[in-house]
Amino acid sequence: MTRVKRGYTARRRRTKIRVFASTFRGAHSRLTRTITQHKMRALVSSQRDRGRQKRNFRRLWITRINAVTRENKVFHSYSRLIHNLYKGQLLLNRKILAQIAISNKNCLYMISNKIIK
């Protein structure tokens, strides 16, 4: 049986993996087995943290809205403001409300007055 040299295919596969792991440190960027393990772990973490990032931003927006509403005595709390927004059928998401609360507090006050009437 003739000898098969399969260096090209294997090397191409390994270099493709190494490009992904080029920013890793130590053996995680040099040894093929640890590169593959670390790559799998990195991809799992990135998928998990994409969901976590959405959650964290929503928490941040809620905190900002609550701080401004309590400061200006708009509705005394975030939950009452959101409840009255839904009751008044003013559908603004939390991201937009947080931007309004930070940049222009008077505008948030005008929105709350609109709800009351």
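Glutamine 89 is exposed, because its relative accessible area is 68%, and the cut-off for exposed is over 50%. You'll find glutamine 89 in the loop between α3 and α4. Its backbone is worth a glance too: phi is positive at glutamine 89, about 60°, even though the residue is not a glycine. For a sense of distance, take isoleucine 65, which is 24 residues away along the chain; the two C-alpha atoms are 18 Å apart.

Bear in mind that this is a predicted model. The protein chain has a mean pLDDT of 90, with 100% of its residues at 70 or more. Confidence is highest in α2, at a mean of 94, and lowest in α5, at 83.

Now for the core. Isoleucine 65 turns up again here: the largest nonpolar core has 15 residues, and Ile65 is one of those touching the most other members, along with Leu81, Leu85, Leu97, Leu108 and Ile115. At least two residues of this core come from each of α2 (32-72), α3 (78-87), α4 and α5. As a general point, nonpolar side chains in soluble globular proteins tend to be buried together. Zooming in on leucine 81, and leaving out anything up to four places away in sequence, its contacts are Ile65, Thr69, Val74, Phe75 and Ile115.

Next, the helix pairs. Helix α4 (residues 94-103) packs against helix α5 (residues 105-116) at about 125°, and their axes are 5 Å apart. That angle makes α4 oblique to α5. On the α4 side the contact uses Leu97, Ile100, Ala101 and Ser103, while α5 brings Lys105, Cys107, Leu108 and Ile111. Sorted by class, that's 6 nonpolar residues, 1 polar and 1 charged. Two of the names there, Leu97 and Leu108, are also among the core residues that touch the most other members.

α5 also packs against α2, this time at about 75° with the axes 11 Å apart, so the two helices are roughly perpendicular to each other. From α2 come Val68, Thr69, Glu71 and Asn72; from α5 come Lys105, Leu108 and Tyr109. The class count for this contact is 3 nonpolar, 2 polar and 2 charged residues. Thr69, by the way, is one of the residues that leucine 81 touches.

Technical notes: Residues are numbered from 1 along each chain as its sequence is written. This is a predicted model: local features need pLDDT of at least 70, side-chain atom pairs count only at pLDDT 80 or more; totals for chains, interfaces and linings use all residues. Side-chain values use heavy atoms; hydrogens and water are left out. Axes are lines fitted to C-alpha atoms, for helices over the stretch in contact, and angles run from 0 to 180 degrees between N-to-C directions. Helices (H or I, at least four residues) and strands (E, at least two) are DSSP runs, numbered from the N terminus. Angles under 35 degrees count as roughly parallel, over 145 as roughly antiparallel, 65 to 115 as roughly perpendicular and the rest as oblique. Contact means heavy atoms within 4.5 Å. Ala, Val, Leu, Ile, Met, Phe, Trp, Tyr, Cys and Pro count as nonpolar, Asp, Glu, Lys and Arg as charged, and the others, Gly among them, as polar. A nonpolar core is a set of buried Ala, Val, Leu, Ile, Met, Phe, Trp, Tyr and Cys residues joined through side-chain atoms within 4.5 Å. Buried means under 20% relative accessible area, exposed over 50%, partly exposed in between (1.4 Å probe, protein chains only). pLDDT is the predictor's confidence in each residue, from 0 to 100.
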